[in-house]
Amino acid sequence: QFLYFIGMLSFEEKEMEPRDSAQAAQTEAPPEVKPSASRFITPLISAVMGIVIVFLVLTGSGGDTTDAARSKAIVFLIDGLKGTAFEQLTVHGNRAPNMRNMIEHGSHAACYGPSDTRCCRTQSGRRLGALYSWQSAPGYASVLTGVDANKHQVYNTSFDAMLRFASTSEQSPTFLKAAVESGLRTGVVGSSALLTTVGSDAACNAYGILDFECGANSITRCMRASSCNVVERMPLIQAAGVPSTSVMSETVNDVARLMEQDADLIVVHMTRVNAAATVGGGAFDAASRPYAAQLYLADAVVGQISAMIHARVHEAHENWLILGTSDHGGHGSDFGSQMNDDELVPLFAHVHTSGGHMPLREPVAPVTQMDVAPTVLEWFGLLSSEKASNLDGKVQFLCGTGAAGGNCSAAQAV
(Lines give C-alpha, C1' and ligand atoms only; values in the text may rest on other atoms or scores of the structure.)
Protein backbone atom coordinates (compact mmCIF):
# COMPACT_ATOMS: atom_id res chain seq x y z
CA GLN A 1 0.00 0.00 0.00
CA PHE A 2 2.83 2.37 0.74
CA LEU A 3 4.41 1.78 -2.67
CA TYR A 4 1.00 2.28 -4.30
CA PHE A 5 0.63 5.61 -2.48
CA ILE A 6 4.06 6.75 -3.65
CA GLY A 7 3.19 5.71 -7.20
CA MET A 8 -0.04 7.72 -7.10
CA LEU A 9 1.82 10.80 -5.90
CA SER A 10 4.17 10.46 -8.83
CA PHE A 11 1.27 9.98 -11.25
CA GLU A 12 -0.73 12.97 -9.93
CA GLU A 13 2.34 15.20 -9.97
CA LYS A 14 2.94 14.34 -13.62
CA GLU A 15 -0.74 14.94 -14.45
CA MET A 16 -0.41 18.57 -13.29
CA GLU A 17 2.18 19.18 -16.00
CA PRO A 18 1.09 20.18 -19.55
CA ARG A 19 0.28 17.11 -21.71
CA ASP A 20 2.04 18.35 -24.86
CA SER A 21 4.02 21.24 -26.33
CA ALA A 22 0.98 22.76 -28.06
CA GLN A 23 -0.92 22.95 -24.79
CA ALA A 24 2.13 24.43 -23.17
CA ALA A 25 2.36 27.14 -25.76
CA GLN A 26 -1.28 28.13 -25.16
CA THR A 27 -0.74 28.41 -21.46
CA GLU A 28 -0.13 31.95 -20.29
CA ALA A 29 3.05 32.25 -18.30
CA PRO A 30 2.78 34.00 -14.92
CA PRO A 31 4.56 37.29 -14.40
CA GLU A 32 7.23 35.54 -12.31
CA VAL A 33 8.63 32.16 -13.28
CA LYS A 34 8.76 29.95 -10.16
CA PRO A 35 10.47 26.56 -9.96
CA SER A 36 8.13 23.68 -10.80
CA ALA A 37 7.01 21.54 -7.89
CA SER A 38 8.20 18.52 -9.84
CA ARG A 39 11.80 19.63 -9.37
CA PHE A 40 11.39 18.97 -5.66
CA ILE A 41 8.75 16.24 -5.51
CA THR A 42 10.35 13.87 -8.04
CA PRO A 43 13.73 13.63 -6.26
CA LEU A 44 11.93 13.25 -2.95
CA ILE A 45 9.82 10.41 -4.29
CA SER A 46 12.89 8.69 -5.75
CA ALA A 47 14.72 8.94 -2.46
CA VAL A 48 11.79 7.55 -0.47
CA MET A 49 11.30 4.69 -2.93
CA GLY A 50 15.01 3.87 -2.73
CA ILE A 51 14.82 3.64 1.05
CA VAL A 52 11.74 1.41 0.84
CA ILE A 53 13.44 -0.92 -1.66
CA VAL A 54 16.53 -1.26 0.51
CA PHE A 55 14.30 -1.99 3.53
CA LEU A 56 12.42 -4.69 1.67
CA VAL A 57 15.63 -6.32 0.47
CA LEU A 58 17.04 -6.43 3.97
CA THR A 59 13.90 -7.73 5.65
CA GLY A 60 12.51 -9.94 2.89
CA SER A 61 10.13 -8.98 0.11
CA GLY A 62 6.50 -8.61 1.00
CA GLY A 63 7.37 -8.06 4.66
CA ASP A 64 7.92 -11.81 5.22
CA THR A 65 10.93 -12.51 7.45
CA THR A 66 12.76 -15.82 7.86
CA ASP A 67 13.71 -16.85 11.40
CA ALA A 68 17.29 -17.93 12.03
CA ALA A 69 17.81 -21.69 11.92
CA ARG A 70 17.64 -23.43 15.30
CA SER A 71 20.84 -24.95 16.63
CA LYS A 72 20.81 -28.68 17.38
CA ALA A 73 23.60 -31.14 18.17
CA ILE A 74 24.17 -34.85 18.64
CA VAL A 75 27.29 -36.48 20.10
CA PHE A 76 28.08 -40.15 19.43
CA LEU A 77 30.15 -41.86 22.12
CA ILE A 78 31.39 -45.24 20.87
CA ASP A 79 33.05 -47.30 23.61
CA GLY A 80 36.53 -48.61 22.90
CA LEU A 81 36.83 -47.26 19.36
CA LYS A 82 40.57 -46.91 18.79
CA GLY A 83 41.71 -44.00 16.63
CA THR A 84 44.01 -45.98 14.34
CA ALA A 85 41.43 -48.74 13.82
CA PHE A 86 38.81 -46.11 13.01
CA GLU A 87 41.14 -44.55 10.44
CA GLN A 88 41.78 -47.88 8.73
CA LEU A 89 38.21 -49.19 8.81
CA THR A 90 36.39 -45.95 8.06
CA VAL A 91 38.60 -43.61 6.07
CA HIS A 92 40.61 -46.21 4.15
CA GLY A 93 38.13 -49.07 4.31
CA ASN A 94 34.41 -49.28 3.86
CA ARG A 95 33.31 -50.84 7.14
CA ALA A 96 31.64 -47.62 8.31
CA PRO A 97 30.29 -45.92 5.15
CA ASN A 98 28.01 -43.49 6.99
CA MET A 99 30.76 -42.12 9.20
CA ARG A 100 33.05 -42.03 6.18
CA ASN A 101 30.50 -39.89 4.35
CA MET A 102 30.36 -37.52 7.32
CA ILE A 103 34.13 -37.19 7.29
CA GLU A 104 34.24 -36.57 3.54
CA HIS A 105 31.74 -33.73 3.95
CA GLY A 106 33.03 -32.64 7.34
CA SER A 107 36.32 -33.09 9.14
CA HIS A 108 38.17 -35.46 11.45
CA ALA A 109 41.44 -36.02 13.30
CA ALA A 110 43.53 -38.28 11.09
CA CYS A 111 45.47 -40.96 12.96
CA TYR A 112 48.00 -43.37 11.43
CA GLY A 113 49.82 -44.34 14.61
CA PRO A 114 50.97 -43.17 18.04
CA SER A 115 53.64 -40.92 16.50
CA ASP A 116 51.07 -39.10 14.34
CA THR A 117 50.64 -35.69 15.98
CA ARG A 118 47.24 -35.30 14.32
CA CYS A 119 45.73 -38.14 16.38
CA CYS A 120 43.04 -37.37 18.92
CA ARG A 121 44.03 -38.49 22.39
CA THR A 122 42.14 -39.13 25.61
CA GLN A 123 42.56 -37.58 29.02
CA SER A 124 46.06 -38.04 30.40
CA GLY A 125 45.40 -41.26 32.32
CA ARG A 126 48.53 -42.98 33.64
CA ARG A 127 50.59 -39.97 32.68
CA LEU A 128 49.08 -38.34 35.78
CA GLY A 129 50.14 -41.21 38.05
CA ALA A 130 49.55 -44.89 38.76
CA LEU A 131 46.13 -44.18 40.25
CA TYR A 132 44.75 -42.94 36.93
CA SER A 133 43.77 -45.02 33.93
CA TRP A 134 42.35 -44.94 30.41
CA GLN A 135 38.88 -46.25 31.14
CA SER A 136 35.28 -45.28 30.39
CA ALA A 137 34.37 -43.13 33.39
CA PRO A 138 37.52 -40.94 33.26
CA GLY A 139 37.26 -40.69 29.48
CA TYR A 140 33.62 -39.67 29.41
CA ALA A 141 34.10 -37.27 32.31
CA SER A 142 36.71 -35.49 30.17
CA VAL A 143 34.52 -35.57 27.06
CA LEU A 144 31.60 -34.06 28.96
CA THR A 145 33.49 -31.43 30.96
CA GLY A 146 36.41 -30.46 28.71
CA VAL A 147 38.93 -30.88 31.51
CA ASP A 148 41.62 -33.46 32.24
CA ALA A 149 41.35 -36.18 34.87
CA ASN A 150 43.46 -34.28 37.40
CA LYS A 151 40.64 -31.70 37.54
CA HIS A 152 37.53 -33.89 37.50
CA GLN A 153 39.30 -36.50 39.68
CA VAL A 154 37.53 -39.50 38.12
CA TYR A 155 40.61 -41.70 37.94
CA ASN A 156 38.88 -45.01 37.08
CA THR A 157 35.41 -46.61 36.95
CA SER A 158 35.13 -47.40 40.66
CA PHE A 159 32.30 -46.03 42.77
CA ASP A 160 34.73 -44.03 44.91
CA ALA A 161 36.33 -42.43 41.86
CA MET A 162 32.99 -41.45 40.34
CA LEU A 163 31.76 -40.18 43.69
CA ARG A 164 34.42 -37.45 43.49
CA PHE A 165 32.62 -36.07 40.47
CA ALA A 166 29.73 -35.00 42.71
CA SER A 167 31.98 -32.22 44.03
CA THR A 168 34.48 -31.55 41.22
CA SER A 169 31.67 -31.08 38.68
CA GLU A 170 30.65 -27.94 40.54
CA GLN A 171 33.82 -26.29 39.21
CA SER A 172 33.85 -28.25 35.93
CA PRO A 173 30.23 -28.90 34.90
CA THR A 174 29.30 -30.99 31.89
CA PHE A 175 28.15 -29.37 28.67
CA LEU A 176 24.81 -31.11 29.27
CA LYS A 177 24.27 -29.29 32.54
CA ALA A 178 25.30 -25.99 30.96
CA ALA A 179 22.75 -26.62 28.22
CA VAL A 180 19.95 -27.38 30.68
CA GLU A 181 20.73 -24.27 32.72
CA SER A 182 20.50 -22.16 29.57
CA GLY A 183 17.03 -23.52 28.83
CA LEU A 184 17.93 -26.17 26.24
CA ARG A 185 16.31 -29.58 26.19
CA THR A 186 18.80 -32.45 26.53
CA GLY A 187 18.46 -36.19 26.08
CA VAL A 188 20.81 -39.12 26.58
CA VAL A 189 20.53 -42.65 25.22
CA GLY A 190 23.11 -44.83 26.93
CA SER A 191 24.15 -47.47 29.38
CA SER A 192 26.41 -47.87 32.39
CA ALA A 193 29.57 -45.78 32.65
CA LEU A 194 27.51 -42.90 31.26
CA LEU A 195 24.05 -43.41 32.81
CA THR A 196 23.25 -45.42 35.92
CA THR A 197 21.43 -48.51 34.66
CA VAL A 198 20.06 -51.83 35.83
CA GLY A 199 22.80 -54.30 36.73
CA SER A 200 22.84 -58.06 36.39
CA ASP A 201 20.98 -58.39 39.73
CA ALA A 202 18.18 -56.05 38.49
CA ALA A 203 19.30 -53.33 40.91
CA CYS A 204 20.36 -49.79 40.03
CA ASN A 205 24.03 -50.48 40.58
CA ALA A 206 25.63 -50.15 37.16
CA TYR A 207 26.76 -46.62 37.85
CA GLY A 208 27.01 -43.82 35.28
CA ILE A 209 29.23 -40.79 35.57
CA LEU A 210 26.53 -38.33 34.51
CA ASP A 211 24.37 -39.07 37.54
CA PHE A 212 27.11 -38.19 40.00
CA GLU A 213 27.09 -34.61 38.72
CA CYS A 214 23.62 -34.22 40.17
CA GLY A 215 24.75 -35.33 43.64
CA ALA A 216 25.56 -38.64 45.26
CA ASN A 217 21.89 -39.18 46.10
CA SER A 218 21.01 -39.30 42.40
CA ILE A 219 22.93 -42.48 41.59
CA THR A 220 19.81 -44.60 42.06
CA ARG A 221 18.26 -43.01 38.97
CA CYS A 222 18.18 -45.93 36.56
CA MET A 223 14.63 -45.44 35.38
CA ARG A 224 13.56 -42.93 32.75
CA ALA A 225 13.47 -39.64 34.61
CA SER A 226 14.88 -36.14 34.41
CA SER A 227 17.93 -34.94 36.30
CA CYS A 228 20.03 -31.80 36.63
CA ASN A 229 21.81 -32.41 33.33
CA VAL A 230 19.45 -34.62 31.35
CA VAL A 231 15.85 -33.63 30.62
CA GLU A 232 15.06 -37.02 29.11
CA ARG A 233 17.16 -40.06 30.00
CA MET A 234 16.81 -43.31 28.09
CA PRO A 235 19.02 -46.04 29.56
CA LEU A 236 19.68 -49.05 27.40
CA ILE A 237 19.45 -52.60 28.71
CA GLN A 238 22.85 -54.05 27.90
CA ALA A 239 22.56 -57.62 29.16
CA ALA A 240 24.94 -60.02 27.43
CA GLY A 241 22.11 -62.06 25.96
CA VAL A 242 20.48 -59.12 24.15
CA PRO A 243 21.34 -59.26 20.42
CA SER A 244 23.23 -56.30 18.97
CA THR A 245 20.45 -55.75 16.43
CA SER A 246 17.92 -55.29 19.25
CA VAL A 247 20.16 -52.76 20.96
CA MET A 248 20.56 -50.96 17.62
CA SER A 249 16.80 -50.76 17.10
CA GLU A 250 16.21 -49.52 20.64
CA THR A 251 18.89 -46.87 20.24
CA VAL A 252 17.47 -45.54 16.97
CA ASN A 253 13.91 -45.56 18.34
CA ASP A 254 14.97 -43.71 21.49
CA VAL A 255 16.72 -41.02 19.44
CA ALA A 256 13.63 -40.69 17.25
CA ARG A 257 11.53 -40.10 20.38
CA LEU A 258 13.97 -37.47 21.61
CA MET A 259 13.73 -35.68 18.27
CA GLU A 260 9.93 -35.83 18.42
CA GLN A 261 10.18 -34.22 21.86
CA ASP A 262 12.25 -31.45 20.25
CA ALA A 263 15.49 -32.18 22.10
CA ASP A 264 18.21 -29.63 21.35
CA LEU A 265 21.22 -31.68 22.44
CA ILE A 266 21.41 -35.47 22.29
CA VAL A 267 24.15 -37.83 23.45
CA VAL A 268 24.15 -41.40 22.12
CA HIS A 269 26.29 -44.00 23.90
CA MET A 270 27.15 -47.35 22.23
CA THR A 271 29.15 -50.11 23.94
CA ARG A 272 29.28 -53.13 21.64
CA VAL A 273 32.50 -52.18 19.82
CA ASN A 274 34.42 -52.29 23.08
CA ALA A 275 32.72 -55.55 24.09
CA ALA A 276 33.78 -57.16 20.81
CA ALA A 277 37.43 -56.48 21.67
CA THR A 278 37.34 -57.46 25.33
CA VAL A 279 34.84 -60.30 25.67
CA GLY A 280 33.78 -61.09 22.13
CA GLY A 281 36.93 -62.85 20.98
CA GLY A 282 38.29 -59.82 19.15
CA ALA A 283 40.92 -57.18 19.73
CA PHE A 284 41.43 -53.43 19.47
CA ASP A 285 42.62 -53.81 15.92
CA ALA A 286 41.23 -53.17 12.44
CA ALA A 287 42.11 -56.75 11.50
CA SER A 288 39.82 -58.14 14.20
CA ARG A 289 36.63 -59.40 12.53
CA PRO A 290 34.36 -59.15 15.62
CA TYR A 291 35.65 -55.62 16.25
CA ALA A 292 35.12 -54.52 12.63
CA ALA A 293 31.66 -56.14 12.58
CA GLN A 294 30.51 -54.19 15.62
CA LEU A 295 31.82 -50.96 14.15
CA TYR A 296 29.75 -51.73 11.05
CA LEU A 297 26.64 -52.13 13.23
CA ALA A 298 27.39 -48.92 15.13
CA ASP A 299 27.77 -47.17 11.80
CA ALA A 300 24.31 -48.42 10.77
CA VAL A 301 22.87 -46.68 13.85
CA VAL A 302 24.71 -43.49 12.94
CA GLY A 303 23.41 -43.74 9.39
CA GLN A 304 19.76 -44.13 10.42
CA ILE A 305 19.99 -41.20 12.82
CA SER A 306 21.74 -39.13 10.17
CA ALA A 307 18.83 -39.81 7.81
CA MET A 308 16.40 -38.51 10.44
CA ILE A 309 18.51 -35.38 10.83
CA HIS A 310 18.56 -34.89 7.06
CA ALA A 311 14.77 -34.85 7.04
CA ARG A 312 14.55 -32.48 10.01
CA VAL A 313 16.87 -29.78 8.70
CA HIS A 314 14.46 -29.20 5.81
CA GLU A 315 11.19 -29.66 7.67
CA ALA A 316 12.04 -27.82 10.89
CA HIS A 317 14.69 -25.32 9.65
CA GLU A 318 17.50 -26.58 11.88
CA ASN A 319 21.31 -26.62 11.80
CA TRP A 320 22.77 -29.85 13.22
CA LEU A 321 26.26 -30.42 14.56
CA ILE A 322 27.28 -34.09 14.63
CA LEU A 323 30.32 -35.10 16.69
CA GLY A 324 31.80 -38.53 17.35
CA THR A 325 34.51 -39.79 19.69
CA SER A 326 35.32 -42.54 22.19
CA ASP A 327 36.32 -43.07 25.81
CA HIS A 328 39.59 -44.94 25.23
CA GLY A 329 41.58 -47.06 22.80
CA GLY A 330 43.18 -50.38 23.67
CA HIS A 331 45.89 -52.93 23.07
CA GLY A 332 45.24 -56.57 22.26
CA SER A 333 42.03 -57.35 24.16
CA ASP A 334 42.79 -55.04 27.07
CA PHE A 335 42.83 -51.33 27.87
CA GLY A 336 43.49 -48.91 30.69
CA SER A 337 47.22 -48.95 31.34
CA GLN A 338 49.26 -48.81 28.14
CA MET A 339 50.42 -45.44 26.88
CA ASN A 340 49.78 -44.48 23.27
CA ASP A 341 47.61 -47.43 22.18
CA ASP A 342 45.06 -46.90 24.96
CA GLU A 343 45.06 -43.13 24.39
CA LEU A 344 44.15 -43.03 20.70
CA VAL A 345 40.51 -42.26 19.93
CA PRO A 346 38.68 -40.82 16.90
CA LEU A 347 37.19 -37.34 16.67
CA PHE A 348 35.01 -36.44 13.71
CA ALA A 349 32.55 -33.67 12.95
CA HIS A 350 29.85 -32.90 10.44
CA VAL A 351 27.42 -29.99 10.10
CA HIS A 352 24.17 -30.51 8.27
CA THR A 353 21.81 -27.68 7.37
CA SER A 354 18.96 -27.13 4.93
CA GLY A 355 21.62 -25.69 2.63
CA GLY A 356 23.60 -28.93 2.67
CA HIS A 357 26.92 -29.96 4.22
CA MET A 358 28.87 -27.04 5.65
CA PRO A 359 32.68 -26.78 5.30
CA LEU A 360 34.58 -27.21 8.56
CA ARG A 361 38.11 -26.49 9.72
CA GLU A 362 40.75 -29.16 9.97
CA PRO A 363 41.39 -29.85 13.68
CA VAL A 364 44.26 -27.98 15.29
CA ALA A 365 46.82 -30.09 17.18
CA PRO A 366 46.98 -31.15 19.90
CA VAL A 367 43.57 -32.76 19.52
CA THR A 368 41.92 -34.42 22.53
CA GLN A 369 38.56 -35.82 23.55
CA MET A 370 38.36 -32.78 25.84
CA ASP A 371 37.73 -30.66 22.73
CA VAL A 372 34.18 -31.99 22.47
CA ALA A 373 32.80 -29.92 25.36
CA PRO A 374 34.01 -26.47 24.20
CA THR A 375 32.98 -27.30 20.63
CA VAL A 376 29.42 -28.11 21.74
CA LEU A 377 29.27 -25.02 23.95
CA GLU A 378 30.50 -22.82 21.11
CA TRP A 379 27.88 -24.28 18.76
CA PHE A 380 25.11 -23.18 21.13
CA GLY A 381 26.73 -19.81 21.88
CA LEU A 382 27.40 -20.80 25.50
CA LEU A 383 31.21 -20.55 25.56
CA SER A 384 32.33 -17.36 27.23
CA SER A 385 36.00 -16.37 27.26
CA GLU A 386 36.07 -16.97 31.01
CA LYS A 387 34.62 -20.45 30.66
CA ALA A 388 37.00 -21.29 27.81
CA SER A 389 40.00 -20.29 29.91
CA ASN A 390 39.04 -22.88 32.55
CA LEU A 391 38.94 -25.76 30.08
CA ASP A 392 41.75 -28.02 28.90
CA GLY A 393 40.06 -28.61 25.56
CA LYS A 394 39.48 -26.10 22.77
CA VAL A 395 36.96 -25.46 20.01
CA GLN A 396 37.61 -27.59 16.94
CA PHE A 397 36.13 -27.65 13.43
CA LEU A 398 33.74 -24.69 13.76
CA CYS A 399 33.95 -21.19 12.33
CA GLY A 400 30.83 -19.93 14.05
CA THR A 401 27.84 -20.81 16.19
CA GLY A 402 24.97 -23.04 15.16
CA ALA A 403 22.82 -20.01 14.36
CA ALA A 404 25.31 -19.23 11.61
CA GLY A 405 25.59 -22.85 10.53
CA GLY A 406 29.15 -23.18 11.85
CA ASN A 407 30.15 -22.48 8.28
CA CYS A 408 33.77 -22.06 7.23
CA SER A 409 34.73 -20.54 3.92
CA ALA A 410 37.06 -22.46 1.62
CA ALA A 411 39.97 -20.36 2.83
CA GLN A 412 39.14 -20.89 6.52
CA ALA A 413 38.61 -24.62 6.12
CA VAL A 414 42.15 -25.26 4.82
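Helices (H or I, at least four residues) and strands (E, at least two) are DSSP runs, numbered from the N terminus. On this basis Lys-82 is found in the loop between β1 and α4. The structure is a predicted model, in which local features need pLDDT of at least 70 and side-chain atom pairs count only at pLDDT 80 or more, whereas totals for chains, interfaces and linings use all residues. Residues are numbered from 1 along each chain as its sequence is written, and side-chain values use heavy atoms, with hydrogens and water left out.

The secondary structure of the protein chain comprises 17 helices and 11 strands. Of its 414 residues, 51% are buried; buried denotes under 20% relative accessible area, exposed over 50%, and partly exposed the range in between (1.4 Å probe, protein chains only). Contact is defined as heavy atoms within 4.5 Å. Among contacts between residues at least 6 apart in sequence, 67% join residues at least 24 apart.

Strand β1 (residues 70–78) is mostly covered, with eight of its nine residues buried. Two strands are taken to pair if DSSP finds at least two bridges between them. Strand β1 runs parallel to β7, to which it is joined by eight bridges, and Leu-77 stands opposite Thr-325 in β7. Pairing of β1 with strand β6 (residues 265–270) is also in the parallel sense, over six bridges; here Val-75 has Val-267 of β6 as its bridge partner.

Strand β7 in turn runs antiparallel to β9, the two being joined by six bridges, with Ile-322 opposite His-350 in β9. Seven of the seven residues of β9 (residues 347–353) are buried, so this strand is largely enclosed by the rest of the structure. In a regular strand the side chains alternate between the two faces of the sheet. In β9, Leu-347, Ala-349, Val-351 and Thr-353 point one way and Phe-348, His-350 and His-352 the other way, and all are buried. Strand β2 (residues 107–108) pairs with β9 in the antiparallel sense over two bridges, and Ser-107 stands opposite Ala-349. A hairpin through two residues joins β9 to β10. The pairing of β9 with β10 (residues 356–357) is antiparallel and involves two bridges, with Gly-356 in β10 as the bridge partner of Thr-353.

A further open sheet is formed by three strands in the order β8-β3-β11, with mixed pairing. Its edge strands are β8 and β11 (367–368), each of which pairs on one side only. Strand β3 (residues 120–121) runs parallel to β11 and is joined to it by two bridges; the partner of Cys-120 in β11 is Val-367.

Helix α4 (residues 83–91) packs against helix α5 (residues 97–104) at an angle of about 95°, with the axes 9 Å apart. Axes are lines fitted to C-alpha atoms, for helices over the stretch in contact, and angles run from 0 to 180 degrees between N-to-C directions. Helix α4 is therefore roughly perpendicular to α5, given that angles under 35 degrees count as roughly parallel, over 145 as roughly antiparallel, 65 to 115 as roughly perpendicular and the rest as oblique. At this contact, Phe-86, Thr-90 and Val-91 of α4 meet Met-99, Arg-100 and Ile-103 of α5.

Thr-84 is also placed in helix α4 and counts as buried at 13% relative accessibility. Beyond its neighbours within four places in sequence, Thr-84 is in contact with Cys-111, Tyr-112, Gly-113 and Leu-344. With neighbours within four places in sequence left aside, the contacts of Lys-82 include Phe-284, Tyr-291, Asp-341 and Leu-344.

Ser-326 lies in the loop between β7 (318–325) and β8 (344–345) and is buried, with a relative accessible area of 0%. Its side chain reaches the backbone nitrogen of Gly-80 at 3.2 Å and the backbone oxygen of His-328 at 3.4 Å. Excluding neighbours within four places in sequence, residues in contact with Ser-326 include Ile-78, Asp-79, Tyr-140, Val-143 and Gln-369. Tyr-140 and Val-143 are among the buried residues of α6. Helix α6 (residues 136–145) is mostly covered, 10 of its 10 residues being buried. Just after α6, Gly-146 takes a positive phi of about 85°.

How values were computed:
Polar contact = N/O pair within 3.5 Å; in protein donor to acceptor, adjacent residues only side chain to side chain.
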